[in-house]
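Please take a moment with the sequence and the three-dimensional picture below, and keep both at hand while reading. The paragraphs that follow go from one part to the next.

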Amino acid sequence: MWVVYTLNGLYFAALLFLTSLGLNIILGVMGILNLAHGSLYAIGAFMAAWVIIQILTKVPVFFLYVSLLSGLVLAGIVGFLMEKSLIRAMYKRTLEYQLLLTFGALLLLEDVIKMIWGGQALYASAPFDLLGNVDIFGHVYPIYFLFVMLITFLAGLFVWFFMGRTKVGIMLRAISLDREMATGLGLDIGRLSTFAFVLGSGLAGLAGALVVPTTPALLGIGMEPLIFAFIVVVVGGLGSLKGALVGALLVGFTRSFGIAILPEIELPLLFLIAGIILVVKPQGLFGR
Amino acid sequence: MRLKETVKKTRWVVYVVIFIVLLFVPRFLSIFNLMLFEYGLAFAIVGLGFNLLLGYTGLLSFGHGAYFAVGAYTVGMIAKYLPEAYRLEILIPAALLFSLILSIIFGFLCVRHTKIFFSILALSLSMLLYALLFKLYHITGGSDGLRIPLPAVFGFSFKGIRRPEFLSGTYYYFLLIMFAISFIVMKGIVNSPFGKALQAIRDNEVRAELIGIRVRRYRLYAFIISGMFVGLGGALWTFVNGHVTADLSHWVFSGEIVYMTLLGGFGIFEGPIVGAILFTYLKLYAMGNTQYWMFVIGATLIVLVMLLPNGVAGAIVSLLGKLKRRKTEETAC
């Protein structure tokens, strides 16, 4: 069974990585912890589920997988509107107000989701069912999980390339390293911040969209991933992309093996490990 | 100097008058409104404790639901497992003790950090407690929660009395006295040298350290005191609510505590009290009139952050200040 646990760990880690990467980019570039990040995840999940239900029998199978991107797009758009209308006014305010504003946005968005898609669960398991299973060392494993890992790998590669090699990415890193200096060099902070926020929101939406074929989209679906993303951010270090990867792997594997061995205390175990890391290294594994 | 003293004196006169008015509240409020008011009073104690950390020490915790839940669950667990000890005079010290223990453990981890890191850490730790309360079904009742029967008070049992009667009689006065004690104690803490040291830390950490204040230790003390107040509020709240669930430790509940503190205004000592009572009514009003109450609460919060950053009490104070200034200007003319 160890093969399956390892793969499950990778699968959890993949979804977590997408969510916490988005959170971390926003945190690093803008210095704002977005408590509504889980709602963007939920928006991605609901949008993808809704689109899949709408087009299920009308299009070739391939497009079902493309439609998962709708979650990314909608979450990105919502992120754009949110940044332009709310977050923008918060840059110069203190931490309390920034957090409370995103908390307000969280409450607001949860009910907006309820208004648009109603209170019922949306089932969209077609992409999961259609891919079937594969045999790995004598164990049956759903191909869809492997598909999620592949997409996450591609997304991670894209972000890594983007942040490391492109001009915009380098500018974003400059802002997260030293905001004042970056302003002094004439970078357009406002625009780049919007961009970072949209990118982060989109990643959360993608994670939500990817998860929806395996579990129905429910109200409050974004709450749990948000907490795990917080743990990843705390363990990996604020604003560090490498930290997000390592933290996601750590949390993913702890969860997968914890569920397998000690299902009752899977979460406390996770906190115990996070707690030990923090006592030893208070700024997280890759924190500055 | 003399002016300051007279201001202080009139302030205490106002407090006493308000207290006397509050003594007669059960006479002219309906039982429904009285219960709401009792929720508000319990939350006011929570707000007082929370504001020591937010307003006076400058640490924003998004996990104070944990201490609220500990206070509440102490009551629930004693009701379930130690019914012979289910007496108010035992329950309250027990709730204080357990919230003390938990806030020492969590506080030790949290105060090593400040700002966002502190907030996330406090949040995550409260979610740890949530997970434990939720998952250990056979001990804590899981998502069903625990039922809170009426407690005995100094050997006097309330068997056969219905909850509304209990709440409108003895319990209201007990709650009010607990509130008054918390108020006076917190006022003392805030004005003590310790309280001033906390404010120094809030305003400038480096400077505070240079004049010899042990920053981290003082933060831990503030964390513990605030945790105990919140635990007390949680314990008092349970008797009004009659039921506890794991949701009390969920971080969204902690967010509501932050919200009521901001609603009243965390720059002012009395702010959180005003905020707690207002929030109780606002939430009930929103829940009673629309199924989208979270939308209403969230939108109000956003408007508040944008337009009234000092809360309702802050707005009133600045308004009074403006009026006073205008008056002095007039007399000067």
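Of the 27 residues of α12(B), 20 are buried, so the helix is largely enclosed by the rest of the structure; a residue counts as buried if 20 or more other C-beta atoms lie within 10 Å of its own, as exposed if 12 or fewer do, and as partly exposed in between, with C-beta atoms placed from the backbone. Just after α12(B) comes B:G242, which takes a positive phi of about 80 degrees.

Before going on, note that this is a predicted model, in which local features need pLDDT of at least 70, side-chain atom pairs count only at pLDDT 80 or more, and totals for chains, interfaces and linings use all residues. Residues are numbered from 1 along each chain as its sequence is written, while chains are lettered from A and ligands numbered from 1 in the order in which they are written.

Two packed helices are described by the angle between their axes and the distance between the axes. Helix α10 (residues 193-203) of chain B packs with α12 (residues 215-241) of chain B at an angle of about 115 degrees, their axes being 10 Å apart; axes are lines fitted to C-alpha atoms, for helices over the stretch in contact, and angles run from 0 to 180 degrees between N-to-C directions. Which residues of α10(B) and α12(B) meet? From α10(B) they are B:A197, B:L198 and B:I201, and from α12(B) they are B:V215, B:Y218, B:R219 and B:A222, where two residues are in contact if their C-beta atoms, placed from the backbone, lie within 7 Å. The residues of this contact divide into 6 nonpolar, no polar and 1 charged, with Ala, Val, Leu, Ile, Met, Phe, Trp, Tyr, Cys and Pro counted as nonpolar, Asp, Glu, Lys and Arg as charged, and the others, Gly among them, as polar.

Another pair in chain B is α5 (residues 88-110) and α6 (residues 115-135), whose axes come within 9 Å and cross at roughly 145 degrees. Here B:F106, B:L109 and B:C110 in α5(B) meet B:F118, B:L121, B:A122 and B:L125 in α6(B). By class, the contact of α5(B) with α6(B) has 7 nonpolar, no polar and no charged residues.

B:V274 is found in helix α14 (residues 271-289) of chain B, and B:V274 is buried, with 22 other C-beta atoms within 10 Å. Leaving aside residues up to four places away in sequence, B:V274 touches B:G264, B:V312 and B:A313; the C-alpha atoms of B:V274 and B:G264, 10 residues apart along the chain, are separated by 5.2 Å. B:R87, by contrast, has its place in the loop between α4 (65-81) and α5 of chain B, and B:R87 counts as partly exposed because it has 16 C-beta neighbours inside 10 Å. With residues up to four places away in sequence again not counted, B:R87 touches B:P151, B:A152 and B:V153.

In chain A, helix α4 (residues 69-85) has 17 residues and reaches 24 Å from its first C-alpha to its last, close to the 24 Å expected. Its buried residues, among them A:L72, A:L74 and A:V78, pack against α2 (37-55), α5 (95-117) and α10 (189-211) of chain A.

Chain A also has strands β1 (residues 133-136) and β2 (residues 139-142), which run antiparallel and are joined by 4 bridges, strands being paired if DSSP finds at least two bridges between them. A:N133 stands opposite A:P142, and A:V134 stands opposite A:Y141. The two strands form a hairpin with 2 residues between them, and A:F137 in the turn has a positive phi of about 45 degrees.

Finally, 32 residues of chain A are in contact with 34 residues of chain B. The largest share of the side of chain A that touches chain B, 16 residues, comes from α5(A). By class, that side has 25 nonpolar, 2 polar and 5 charged residues.

Definitions and conventions. Expected span 1.5 Å × (residues − 1).
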